[in-house]
Amino acid sequence: MEQTKKRIFSGIQPSGDLSLGNYIGAIKNWVNLQDDYECLYCIVDMHAITVRQTPADLRRRTLEVLMQYLAAGVDPEKSCVFIQSHASTHAELSWVLSCNTQMGELSRMTQFKEKSKKHEDNINAGLFTYPILMAADILAYQADLVPVGHDQLQHVELARDIANRFNHFYGDTLTVPEAYIPKVGKRIMSLQTPEMKMSKSDPNPNGFVRLLDDPDTIMRKFKRAVTDSDNVIKASPEKPGVTNLLSIYSAVTNKTMEESEREFDGKGYGDFKLAVGEAVVSALKPLQTEFDRLSKDKAYVEAVYKKGAEMANYLSNRTLRKVYKKIGFIAK
Ligand code: TYM
């Protein structure tokens, strides 16, 4: 992977079963970007342990997330797919960056505020410094673009600030990355509480669709989706449920919001919800079939992440060596 194209880095935490939000906000774009960019897609297991995980579940989910990347169309011949803890450079760079990040910057992070409210009994230091590790993930690869959903924008902006600060003190070393947010579906909301983000750790299973939910479950969740009482299918801030369903439909069918609104003009909510459910079922079907196939091919999956780790270590060590030199560490 010698750099001729611009580089992309992104990742997902194996902290729950992947949701339709992860697919529309991130993975779907990753697949589309593979031909035009040099891409690294990571399963960020080190981030996941900022919340207590059962070891056996973490192990299983890490591989399941990897298989879902592949099943969705991430091609390991084109992109580097790897597991974060397989490249120790992330943690090493994270330490250096933490000495270039202010406590005040970290205290402003929305995800920290939300997660520390949700896990009051375990507000660990890792939860607080999490965005520095994320900055290290991105900066270690000199990534130009970071395709993420809207909720990660603040973290990518912090990574930019850290890179700029480092470059200011030590001279040009780190590429300043930019977030790449999808036009449609940057913020998929819960089907039950459409004012809240769809989340893979939602305790209400009807609020989110898993990528591996079977068709009947998906249809049931969409039939139950919360809308409103005025029976008009139009996107608007006063209609969060309907707007969310329109975004989901548009994203999975590759239509604009306006095209989808026109398509459902004059239709009732019942038919609308069925159509959205069916569109999701058919968009996820190939992914699910491929996931089942990959689940039976452990050797292939292992070969993918081993090859990915080699490439990731090679690339990120180059950055780490440069960083160490710039800050005045003696070469080994
Ligand atoms: P995570 O694991 O929470 O989510 C993974 C990706 O899915 C997107 N996403 C959504 N997009 C739209 N609507 C939603 N409801 C929705 N829910 C999740 C997220 O924006 C994200 O793109 N900190 C990151 C993981 C990470 C990372 C990185 C990402 C660690 N290091 C380096 C990019 C680059 C996270 O917690 O994502």
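Student: Which ligand atom does a polar side-chain atom of aspartate 151 lie 2.5 Å from?
Tutor: An oxygen atom of the ligand. Keep in mind that this is a predicted model.

Student: What about asparagine 22? How far is a polar side-chain atom there from an oxygen atom of the ligand?
Tutor: That distance is 3.1 Å.

Student: And methionine 198? Which of its atoms lies 2.9 Å from a nitrogen atom of the ligand?
Tutor: A backbone N or O atom. So far we have a side-chain atom from aspartate 151, a side-chain atom from asparagine 22 and a backbone atom from methionine 198.

Student: How much of the ligand's accessible area does the protein cover?
Tutor: It covers 97%. On its own, the ligand has 710 Å² of accessible area.

Student: Which elements give two or more residues to the shell around the ligand?
Tutor: Strand S1, residues 7-12, is one of them. The others are helix H1 (20-33) and helix H7 (125-139).

Student: How many residues surround the ligand, and which are the closest?
Tutor: There are 27. The closest are Gln13, Tyr130, Asp137, Asp151 and Ile188.

Student: What's the split by class in that shell?
Tutor: Eleven are nonpolar, ten are polar and six are charged.

Student: How far is leucine 133 from isoleucine 12 in space?
Tutor: They are 13 Å apart, C-alpha to C-alpha. In sequence, 121 residues separate them.

Student: New topic. Which residues touch the most other members in the largest nonpolar core?
Tutor: Leu20, Tyr23, Ile27, Leu66, Tyr69, Phe222 and Ile248. The core has 58 residues.

Student: Which helix gives the largest share of this core?
Tutor: Helix H12, residues 269-295, with ten residues.

Student: And which domains does the core draw at least three residues from?
Tutor: Domain 1, made of 7-181 + 298-327, and domain 2, which is 205-292.

Student: You listed Leu20. Where is leucine 20?
Tutor: Leucine 20 is in helix H1. It counts as buried because its relative accessibility is 0%.

Student: How far apart are the C-alpha atoms of leucine 20 and arginine 210?
Tutor: 6.1 Å. Along the chain, the two are 190 residues apart.

Student: Back to H12. Where does proline 286 sit, and is it buried or exposed?
Tutor: Proline 286 is in helix H12. It is exposed, because its relative accessibility is 52% and the cut-off is over 50%.

Student: How far is proline 286 from glutamate 120 in space?
Tutor: 40 Å, C-alpha to C-alpha. They are 166 residues apart in sequence.

Student: Now alanine 48. Which helix is that in?
Tutor: Helix H2, residues 45-48. Alanine 48 has 1% relative accessibility, so it counts as buried. Its C-alpha is separated by 31 Å from that of leucine 246, 198 residues away along the chain.

Student: Backbone next. What is phi for glutamine 142?
Tutor: Near 55°, a positive value in a residue other than glycine.

Student: Where does glutamine 142 lie, and is it buried or exposed?
Tutor: It lies in the loop between H7 and strand S4 (145-147). Glutamine 142 is buried because its relative accessible area is 11%.

Student: And asparagine 231? What is its phi?
Tutor: It is about 55°, positive, although asparagine 231 is not a glycine. The residue is in the loop between helix H9 (215-223) and helix H10 (240-253). With a relative accessible area of 45%, asparagine 231 is partly exposed.

Student: Where is lysine 239, and what does its side chain contact?
Tutor: Lysine 239 is in the loop between H9 and H10. Its side chain makes a polar contact with the side chain of tyrosine 269, at 3.0 Å.

Student: Why does lysine 239 count as buried?
Tutor: Because its relative accessible area is 8%, and buried means under 20%.

Notes
Residues are numbered from 1 along each chain as its sequence is written. This is a predicted model: local features need pLDDT of at least 70, side-chain atom pairs count only at pLDDT 80 or more; totals for chains, interfaces and linings use all residues. Side-chain values use heavy atoms; hydrogens and water are left out. A residue is near a molecule or strand if one of its heavy atoms lies within 4 Å of it. A polar contact is a pair of N or O atoms within 3.5 Å; within protein, one must be able to donate a hydrogen and the other to accept it, and residues adjacent in sequence count only if both atoms are side-chain atoms. Accessible areas come from the Shrake-Rupley method with a 1.4 Å probe; for residues, only the protein chains shown count as cover. Helices (H or I, at least four residues) and strands (E, at least two) are DSSP runs, numbered from the N terminus. Ala, Val, Leu, Ile, Met, Phe, Trp, Tyr, Cys and Pro count as nonpolar, Asp, Glu, Lys and Arg as charged, and the others, Gly among them, as polar. A nonpolar core is a set of buried Ala, Val, Leu, Ile, Met, Phe, Trp, Tyr and Cys residues joined through side-chain atoms within 4.5 Å. Buried means under 20% relative accessible area, exposed over 50%, partly exposed in between (1.4 Å probe, protein chains only). Domain bounds come from an automatic or database domain assignment.
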